Each structure stands twice: as C-alpha cells, then as structure tokens.
Amino acid sequence: MRYGYFERFRALPAEDQEDFLRSLSAEPAALRQASLSYTQRRLWFLYKLDPRSAVYNAPVLLRFRGGVNIEALRRAVNGVCERHEVLRSRFVEWLGEVFVLTSVEEPPYELVELDEDGADAREASCMRLLADEVTRPFDLIGESPIRCLIVKVADDDFVLALNMHHIVVDGWSTGIIYRDLAALYRGFSRNERVSLPEPQLKYVDYAAWQSGLLRQEHVEREVTYWRNALEGAPTTLELPIDRPYPRRPNFCGDSVKSIVRSDVVRRLHDIGRSHGATPFLMFQALFAAMLIQQSGRDNVLVGIPESGRGTSDFSHVVGMFVNSVVLRADATGNPPFTEFLNRSRKTALDAYKHSVLPFDMVVEHLGVVRKNGRNPLFQAFFVHHPLSNSAELDGIPGEPIEIGTDTAKFDVELAVLDRPDGTAEAILTYATDLFDQTTAESMIWHFHRIAEAVAADPERAIGALPQAEGLRSPTAVGLPDPATDASRERPCVPPRNDTERRLVTIWHSLLGEREIGVYDDFFRLGGQSLQVVRLMAHVRKQFGVSVQISKLIEAPTVAALAELVDAGAAPSGAPVLVRLRRGATRTSAVVIHAIGGSVLMYSELSRALASDRPVYGLEAPGLDGGRAPLTTVPELASYFLDQLDAEGVTGAVVLIGWSMGGAIAYEMARQRSVRGLPVPPVVLLDTPLEPEEFSGNSAQVMAGYSRFLLESASVGSPLDDPEIMSRSLTAFDLTGMDEPQRLKTLLEWSRKQDLAGQELTAARLSDSVAVYSANMAALSVYRPGRLSSPGLYLAASAGDDEDLTLPWRERMGGSLTVQEVSGDHYTMLRPPNVSPMAEEIEIWLRSLGH
C-alpha cells in the first residue's frame with residue numbers, strides 16, 4: 001500500500017504536497033509506515049549538520065575475476081532493492097519533521113568500461129573511480145540512498161561498487177545483501193525463475209517495535225543501569241596527541257596497519273576460550289590495555305558496535321540497526337591480564353543486556369556534554385570483523401577491495417580483521433587533526449607488542465605489559481600556540497570596569513568560584529559548548545546585546561568580550577524564554593503561551609507548583625516587534641524546542657499549556673520524539689482542539705482581541721457574560737477605518753476600559769495584535785497527529801458544557817488522564833482554584849517519577 005508513495009508525492013503540485021504530508025501524519029497506520037527509527041533520526045540530524053560529508057557512507061566494493069554478465073548483475077542489484085524496501089527510501093521534510101516514503105525507481109546505475117593501454121593504467125583508473133565514488137556524499141532529500149557503479153577493468157575483471165548511506169544499512173545487512181544478490185544473479189544469468197521467500201518483516205516494523213520499547217518506564221530502568229555502570233568513569237580519553245584539540249573537529253583521518261602472526265592469534269583465542277571470552281572480547285581487552293597504558297588512567301571507556309536487532313525476528317531484515325555501546329575497562333589494582341579480561345567480559349555481558357537504549361539517549365539522560373566537538377563518553381572505538389562469506393556470482397568469488405576514505409569518526413578506532421591464513425590484521429584509524437602518522441604507527445606497534453606479550457604470558461599484570469615507546473606523556477601535550485601563550489604568562493588581572501566586573505560574575509556562575517582574570521581563556525578554565533550558549537544568554541539578558549558565539553571562540557577572554565559588549569551589538573530584544581521561578585531538584589516545568597502570546601497568566605500557577613521545581617515560560621516571538629510572528633503550531637513548536645536547547649533547558653522537562661498553549665505543548669512533545677529526544681509528559685489545561693473559523697479580516701481580528709482582553713481581565717464572570725459582550729468592540733465599530741485608525745481606536749478603548757495605561761504605545765499594541773492574529777490563524781489550521789506519551793488533561797468545571805477532551809482522547813488514547821478542576825477557562829488559573837489544580841499536577845508528576 002506504501003509502494004510508490006514517493007512518486008505520488010513528487011507528482012503533486014507544491015501546494016498539495018503539504019496536505020499530503022499533513023494527512024500522512026494524522027493517520028496512524030500511514031504514519032507508522034513513514035516513520036524513521038531512532039537511529040535513523042540521529043543519522044538524519046548528523047546529515048543535516050553537514051550534508052557535504054561522506055563520513056556515513058557505507059560502500060561495498062567487490063572484485064570478480066571471471067566472465068560477469070553485466071545485465072544480470074544490474075538486474076540482481078535492482079532485485080535486492082525491490083526486495084528490501086528500506087533501500088528504496090526517500091526522505092522528505094515538512095515543518096521540522098522527516099518522513100520516509102518508498103520509491104519504485106531503480107537506484108542510480110553507472111557502467112564504466114576502462115580502455116587504457118596496460119593493466120597498471122587501468123588499475124589506477126579503477127582505484128580513482130572507486131575513491132571518487134566512496135567519498136561522494138549523498139543528497140538524502142528526495143534522492144536515492146544507494147548508488148551502483150560497475151567498472152569493467154578487463155574482459156575477466158569486474159568491480160562492483162554498491163555505495164549506500166548508513167541511514168538504510170549496517171554491517172549485518174551486507175551479509176543479507178550478499179546472499180540475495182548471489183541468488184538473483186544466478187537466476188538472471190541462467191534465465192531461470194528466481195524464487196526467494198518473501199521477507200516476513202520490514203525495517204518499518206523494527207522502527208515501530210523500537211518506538212514501543214522505548215517507553216518511559218523502560219527507559220528509566222536502562223538509564224539507572226548506565227548511570228551506575230559509568231559512575232566515576234573518565235568521560236574524556238587523554239592520549240599523547242601531537243596537536244591541541246580543535247574547537248571544531250574536521251573528521252579527517254588516516255590509518256596504519258599491523259599483522260598479528262597466526263601463532264599469536266591461535267594462542268590468544270585459546271586464552272580467551274579458557275576464560276569464556278570470544279575473540280572479540282579478547283582483542284577489545286588488548287586494545288583497552290593499550291589505552292590504559294597510554295592515557296595513564298586505570299579506567300577508560302571504549303565504544304563498541306552492537307547489532308541492535310533486539311530479537312531474532314529481525315535477523316533477515318536490511319536496515320540500520322547497529323547501536324554504539326560503551327564499555328568500561330577497569331584496571332584498578334593493576335590486575336593480571338586474565339583478571340582484567342574477566343572484568344571486561346562481565347562488563348560486556350552486562351552492557352549487552354542493556355544495549356536496547358540508543359547511545360544518544362544514554363548521553364542525553366546522563367547529561368553528558370560534548371567537549372571540543374569530541375564524541376561524548378568515549379573517543380576510542382573497537383570493532384572486530386571475523387571471517388565471513390563474501391558475495392559470489394554464480395561461482396565467481398567476490399574479493400573485497402579496501403579504499404581509504406580519509407575520515408575518522410573518533411580520536412582512534414581499532415578494527416581487527418580475521419584473515420583466511422589465520423593471521424589478524426589490525427587497522428588503527430586516527431584523527432589527523434590530533435595525531436601525526438608516526439604517533440599512530442607507534443600506537444599500533446604498542447598494541448602489537450601487548451598482544452604478543454599476553455599470548456606469551458597472560459598472567460602478567462597490566463602495568464607490567466610492554467610500555468609505549470617514543471610517545472610523549474599525555475600531560476605534556478596540548479600546549480597553547482605562541483599566540484595564546486602570552487595570555488597564560490600574564491598575571492591574573494582583575495576586572496577594570498563595570499562591564500568586566502559583571503562579565504566575571506557571569507563566568508563565576510558558569511565555571512564556579514575561582515580566581516578569574518580578564519585575560520583568562522574561557523575554554524582553558526573548563527568552559528564547554530553548552531556553557532557558551534548559556535554565557536551568550538546571560539550577556540543578552542544583562543546587557544541587551546547579542547554577541548555571536550563565533551566571536552567568543554575567536555576571542556575567549558573577559559577583556560575581549562567586554563570590548564564587544566561595549567561596542568554595542570544589535571539589541572537582542574525581549575527574550576522568548578523567561579524564568580518564572582528557580583528550583584533545584586525536580587524536573588523543570590515549561591509553560592507555553594496561549595492566544596495572547598504572553599505567559600503572565602501563569603504567574604500564580606508557577607508559585608503554586610512544588611517549591612523546588614524550576615518553572616520557565618515561553619512567550620510568542622514577535623511580542624516586542626523584533627521579528628514577525630509565526631503562523632503555524634508546528635513552526636512555533638520547532639522554534640521553542642530550539643530556544644530551550646539554546647538556553648540550556650535540556651534533558652527531562654514537563655510541558656504545560658493552557659488553552660492554545662496546550663496545543664503547542666502537545667506539538668513540542670511530538671517533535672521531540674522526531675528529534676530523537678525523550679518525549680516529555682504533557683499537561684493540557686482546558687485546551688480546545690476543534691478549530692475556530694478565522695478570516696483574517698483586520699476589523700474582526702481587533703474586535704476579537706478586545707473581547708480577549710476583557711475576558712482575561714474579568715474575574716468570576718461567565719465567558720458569555722452580556723456585559724463583556726456589550727463592552728467589547730465589534731467589527732462594525734471598526735469597519736470603514738484604515739489600519740492606523742483601527743489601531744488608535746483599539747488603543748483608546750483599552751485605556752478607557754482600564755485595560756491599559758499610558759505606557760502602552762500604538763507600536764506595542766500593534767505587535768500584540770499581530771501575535772494574537774497569527775496565533776488565531778495557527779490554531780485554526782492545526783491538525784495534530786497521535787502521541788504516545790503520558791498526558792494529563794485538566795478540564796474547567798464551570799463554563800461551556802462541551803467535552804473538550806474527546807479529540808485529545810482520540811489522539812492519546814489510554815495514555816491521557818482526565819480530571820476536572822474548579823473554575824472556568826480563565827479562573828482555573830487564579831486563586832483559590834489554582835492551588836488545588838497545582839497539587840493535582842504535582843501528584844500526577846510524582847506518579848511518573850518527576
């Protein structure tokens with residue numbers, strides 16, 4: 001039923017494509033087929049960060065020495081893609097969400113027949129073609145995530161390059177592709193009917209299974225394990241680098257190799273078996289022992305890949321399942337290597353049991369912050385490739401071809417490949433912005449010597465294993481360059497003016513109470529990326545000046561920042577995120593503006609919630625006239641999520657929205673899910689969903705705004721109070737006027753009704769009306785999809801008899817709790833009703849562990 005959705009979508013006029021995606025997101029069965037897995041959402045995020053990067057290309061390069069039927073091979077590749085629909089994925093973005101639609105198109109295909117004279121010249125051309133292919137990035141927006149290149153080097157020498165993006169494939173999947181490719185090629189080349197069993201499951205089934213598994217209670221159990229397992233472990237690996245860590249890594253890499261003799265490999269396997277350790281665990285422990293020696297720590301964290309398939313049901317499904325798992329290598333007490341191996345084995349087995357939680361969710365929940373763009377928790381990665389069957393084409397074996405991609409995802413990554421002759425090839429990939437080749441060669445040789453030493457005597461203590469030769473101590477590297485050396489030699493110069501004094505106070509709040517001079521480097525004092533964002537927020541708040549983050553990176557001192565502030569950058573305007581109350585221990589509450597755009601109506605509620613719960617408010621952009629208002633609920637939700645992230649309000653939150661604010665809160669929760677973040681609980685306070693008609697007529701908008709002001713100010717009056725109706729302006733009152741006249745009439749009316757004083761200017765009122773109009777327009781067209789997250793709906797007991805909860809029940813099902821509270825739509829937020837309502841919210845949040 002989903003087959004060819006992308007072609008249908010692409011054929012629609014531009015104005016109809018949005019309706020198509022809106023309908024798709026509102027229909028659960030269709031949305032299930034168009035949803036990305038958590039891992040795919042993460043890879044999509046990384047793709048959007050740098051669309052020109054080829055870091056996540058996953059090429060398969062195979063050489064076939066024999067007579068290959070090119071047409072049969074092309075048909076076989078197409079057949080594999082037809083069989084596994086994830087390979088025909090097309091990704092489409094809409095309002096911050098990404099959908100996957102299936103295409104019927106064949107993957108891009110190219111045949112190159114080399115005609116140079118001489119085998120060496122043809123071989124060189126072939127390698128250039130392959131290098132160009134594997135380093136060419138994918139355009140994932142609407143384009144195929146797989147490309148096929150066949151190079152005919154000679155009549156009996158063919159190379160197949162299947163280049164795929166990791167968003168649709170992992171290492172396990174290549175074995176499935178090899179199997180199907182061989183069967184299909186055999187049939188096509190012999191003109192025989194090919195009959196393969198239909199896959200019982202698809203990758204979209206995995207995405208749905210994973211989504212159901214990552215419910216809050218399960219996630220909390222997994223997070224508890226990882227918090228305990230990693231407590232006290234160093235989250236940065238200090239290796240003997242040749243250059244300081246750059247502020248922004250370029251992910252360029254290179255590799256060095258070493259061959260471990262077959263007799264050493266056999267002995268290591270025997271030692272591992274005697275301790276219940278697989279070859280993977282043995283080599284991983286050897287790598288960790290090397291890192292421990294080189295870092296000078298007795299604990300290091302190493303990342304490993306885990307299949308991520310969760311259940312054998314998905315063992316024959318192609319897709320991106322793999323998850324990164326962090327292992328803690330513990331050499332406390334300088335144990336013998338065999339004891340170290342036993343510890344590593346137990347750690348790995350425990351970690352496997354808790355590997356269902358995506359790595360980025362572990363990082364998110366533990367509050368780990370990236371430093372200098374380095375991978376969080378671990379910067380060293382290990383992978384083992386045992387012997388496996390490669391592809392074959394009707395008896396012609398495929399020989400894997402290695403092409404360096406010049407990329408490095410981590411500081412160092414060790415891959416150990418088993419070889420047919422019993423040896424093992426160790427390949428160390430390293431970040432070239434950190435290490436010279438000679439340093440990397442010393443590291444791989446150090447690993448080689450440790451492997452030989454353990455094979456000879458596995459009872460040797462970790463500290464007695466061969467030491468690194470020719471490497472600097474980790475504490476002796478990372479010195480500043482001459483340009484910044486002067487700042488370290490300067491004495492601690494105290495602040496010399498008011499701007500510098502206020503900035504030093506901000507730095508103290510971020511970096512702790514310590515001696516801070518005006519020439520001290522923010523990053524050398526321990527400042528991290530998230531703190532940079534917070535620093536800029538403090539500067540905007542205190543000085544009304546917006547300074548680009550890049551400026552701080554260029555000149556990271558109090559003195560330099562003070563000069564930028566005093567130079568007077570553009571005023572930052574009113575903040576969108578405002579702190580309503582400080583707190584310390586409980587999950588932060590974030591309240592979202594209603595139709596008027598302000599959060600002032602939450603002032604009583606923020607004080608009535610638990611005293612140790614931080615409360616933030618999100619006001620509508622445009623209230624200060626600094627920017628145009630946003631006109632759809634999804635746009636508002638996406639903008640607010642970015643603001644929370646920018647202001648450092650990350651991790652677990654609870655979203656609370658009264659009236660229209662509830663709809664925005666609901667949409668924010670849905671978009672957090674799309675971004676691969678934990679889905680927060682949502683509290684809806686008397687939030688309607690059925691859209692009101694909105695014409696956009698200026699006279700009607702201003703008349704409606706006048707009624708809104710009266711309803712907001714009238715305590716205890718019914719919403720249909722005739723007095724309110726009679727006091728408000730009508731569209732007829734404003735008809736026949738131009739825009740300035742209408743605005744002047746509304747301003748004078750507001751002052752006459754004691755709804756505004758002389759401080760209210762026409763410009764400020766115009767901004768408020770514009771926000772009100774934009775919010776009315778946004779609410780009138782909002783059609784939310786479904787959400788699987790705990791929800792609490794508090795319905796006002798007085799006022800309209802219409803059941804506003806019904807459409808929300810339809811979308812949230814059993815995850816929505818409904819309760820009635822005292823008051824009407826407005827007075828529920830005011831004393832005496834607000835305190836018991838706040839208590840209901842707190843009781844519900846405590847039941848969820850918040």
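The confidence that the predictor assigns to each residue is expressed as pLDDT, on a scale from 0 to 100. In this predicted model, the protein chain has an average pLDDT of 84, and 88% of the residues score at least 70. Among the elements of the chain, the lowest mean pLDDT, 35, belongs to helix H15 (residues 482–489), whereas the highest, 96, belongs to strand S19 (residues 682–685). The stretch of residues 471–489 remains under 50 in pLDDT, and the model gives this stretch 26 contacts beyond four places in sequence. Residues 715–720 likewise have pLDDT below 50, with eleven contacts in the model beyond near neighbours in sequence. Where pLDDT is low, the predicted coordinates should not be read in detail.

The secondary structure of the protein chain consists of 29 helices and 21 strands. Of the 850 residues in the chain, 52% are buried. Among contacts in the chain with a separation of 6 or more, 77% are between residues 24 or more positions apart.

An open sheet with mixed pairing is built from six strands, in the order S4-S5-S6-S1-S12-S11. S11 is joined to strand S12 (residues 396–400) by two bridges in the antiparallel sense, and Leu393 has Ile396 in S12 as its bridge partner.

Within this sheet, S5 and S6 form a hairpin with two residues between them; the two strands run antiparallel and are joined by eight bridges, with Val151 standing opposite Val159 in S6. S6 also pairs with S1 in the antiparallel sense, over eight bridges, and here Asn57 stands opposite His165 in S6. Nine of the nine residues of S6 are buried, so this strand is largely enclosed by the rest of the structure. In a regular strand the side chains alternate between the two faces of the sheet. In S6, Asp157, Val159, Ala161, Asn163 and His165 point one way, while Phe158, Leu160, Leu162 and Met164 point the other way, all of them being buried.

The largest nonpolar core comprises 82 residues, of which Leu605, Met668 and Leu685 touch the most other members. Apart from its neighbours within four places in sequence, Met668 contacts Ile592, Leu618, Ala637, Phe640, Leu641, Leu644 and Leu655. A second, separate core holds 78 residues, including Phe359, Phe410, Met443 and Ile444.

The structure contains 24 aromatic pairs. In one of these, Phe378 and Phe381, the ring centres are 5.9 Å apart and the planes lie at 35°, so the pair is tilted; both residues are buried. Phe378 also forms a tilted pair with Phe410, with 5.7 Å centre to centre and 40° between the planes. Because Phe378 lies in the loop between helix H13 (359–366) and strand S10 (380–385), and Phe410 in the loop between S12 and strand S13 (412–418), this pair ties together parts that are 32 residues apart in sequence. Phe378 counts as buried at 1% relative accessibility, and Phe410 does so at 12%. Elsewhere, one aromatic cluster is formed by Tyr203, Tyr206, Trp209, Phe314 and Phe321.

Methods:
Residues numbered from 1 in each chain as written. Predicted model: local features only at pLDDT ≥ 70, side-chain atom pairs only at ≥ 80, totals over all residues. Heavy atoms only, no water. Pairing = 2+ DSSP bridges. Helix = DSSP H or I, 4+ residues; strand = E, 2+ residues; numbered from the N terminus. Contact = heavy atoms within 4.5 Å. Core = buried A, V, L, I, M, F, W, Y, C linked by side-chain atoms within 4.5 Å. Buried < 20%, exposed > 50% of the residue type's maximum accessible area, 1.4 Å probe, protein only. Phe/Tyr/Trp six-rings, centres within 6.5 Å; stacked < 30°, edge-to-face > 60°.
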